[in-house]
Amino acid sequence: MQSMKEVVKEHFQNEARNFDEIIQKIVPFYSQMIDALIIVLPFHISKDIHVLDLGSGTGTVCQKVKERYVNAHVTCLDFAENMIIVAKQRLKVYPDVKYIIGDFYNFEFSQKYDAIISSLALHHLRTDDDKKTFYKNIFDHLTDNGVFYNADIILGSNKYLQDIYMSKWKEFMQNNISEEEINSLWILKYDTEDKPAELIHQLAWLNKIGFQDIDVVWKYFNFAVYGGVKRK
Ligand SMILES: C[S@@+](CC[C@H](N)C(=O)[O-])C[C@H]1O[C@@H](n2cnc3c(N)ncnc32)[C@H](O)[C@@H]1O
């Protein structure tokens, strides 16, 4: 039997070619969310920052980083080779981008980064403890004044809010896809593959780990961009 990790990997292996089209239809204001993830990076545009993009997919986040920071050294990490193939094609004008086909669960950080960022990927860390351990690992591999920001699907703080979040998410998808597809494909994948955590808990974990200036910089119901700074 396939492990959940293998199921998730196969999902993205198969989706790679159509991913950029699909994501706009299922994630509310996806482009706006990614813009928020990039705009909060607190570096001068000419600085040669080192950036790690976890679960980099087809390279959208990396492209936005390179457009804003011409001297950025970006490493894209993803376990779905087909996603990396699409990313390489999209980012071929940036020959210095590094690609690692690998699992962030057992990623061996070999250097420190000025920014570790991620979009729609870290909710695949299966448990709260996995997330806490990984956020600590991220903290340990940031430079002084380095930042961690995550754009991701999250849970509300109680059932009432979570129900609203789910209905607002479905309402967004209904603009683009059929009710049948929403329930039998996307909500089913969400229920089986995704393990989001309460945003409020995640902010508390970041605080306990030692991040400062923690904030939620963008939010649309159950999608949020949040993170903090590792102060010297
Ligand atoms: C929803 S996509 C998001 C892609 C991209 N960050 C974006 O926002 O367009 C999630 C990505 O995370 C990757 N991913 C999920 N779990 C992973 C893991 N354990 N290690 C590495 N990559 C992973 C998937 O292969 C996929 O490309």
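The shell around the ligand has eleven nonpolar, seven polar and two charged residues. Here Ala, Val, Leu, Ile, Met, Phe, Trp, Tyr, Cys and Pro count as nonpolar, Asp, Glu, Lys and Arg as charged, and the others, Gly among them, as polar. Before I go on: this is a predicted model, where local features need pLDDT of at least 70, side-chain atom pairs count only at pLDDT 80 or more, and totals for chains, interfaces and linings use all residues. Residues are numbered from 1 along each chain as its sequence is written.

Back to the ligand. Which of the 20 residues around it come nearest? They are Gly55, Gly57, Ala80, Ser119 and Ala121. A residue is near a molecule if its C-beta atom, placed from the backbone, lies within 6 Å of it. Helix 1 (4–15) and helix 4 (60–68) each give at least two residues to this shell.

Now the whole chain. The protein chain has nine helices and seven strands; these are DSSP runs numbered from the N terminus, H or I of at least four residues for helices and E of at least two for strands. Its radius of gyration is 17 Å, close to the 17 Å that the globule rule gives for 232 residues, so the chain is as compact as a globular protein of that length. The radius is taken over C-alpha atoms, and the rule is 2.2 Å times the number of residues to the power 0.38.

Next, two helix pairs. Helix 7 (residues 159–174) and helix 8 (residues 179–193) pack at about 125°, with axes 9 Å apart. That makes helix 7 oblique to helix 8. Axes are lines fitted to C-alpha atoms, for helices over the stretch in contact, and angles run from 0 to 180 degrees between N-to-C directions. Under 35 degrees is roughly parallel, over 145 roughly antiparallel, 65 to 115 roughly perpendicular, and the rest oblique. Lys170, Met173 and Gln174 in helix 7 meet Glu179, Ile182 and Trp186 in helix 8, contact being C-beta atoms, placed from the backbone, within 7 Å.

The second pair is helix 6 (residues 128–140) and helix 9 (residues 199–209), whose axes come within 10 Å and cross at roughly 45°. Helix 6 is therefore oblique to helix 9. Lys132, Tyr135, Lys136 and Phe139 of helix 6 make the contact with Trp205, Leu206 and Ile209 of helix 9.

Note on methods:
Two residues are in contact if their C-beta atoms, placed from the backbone, lie within 7 Å.
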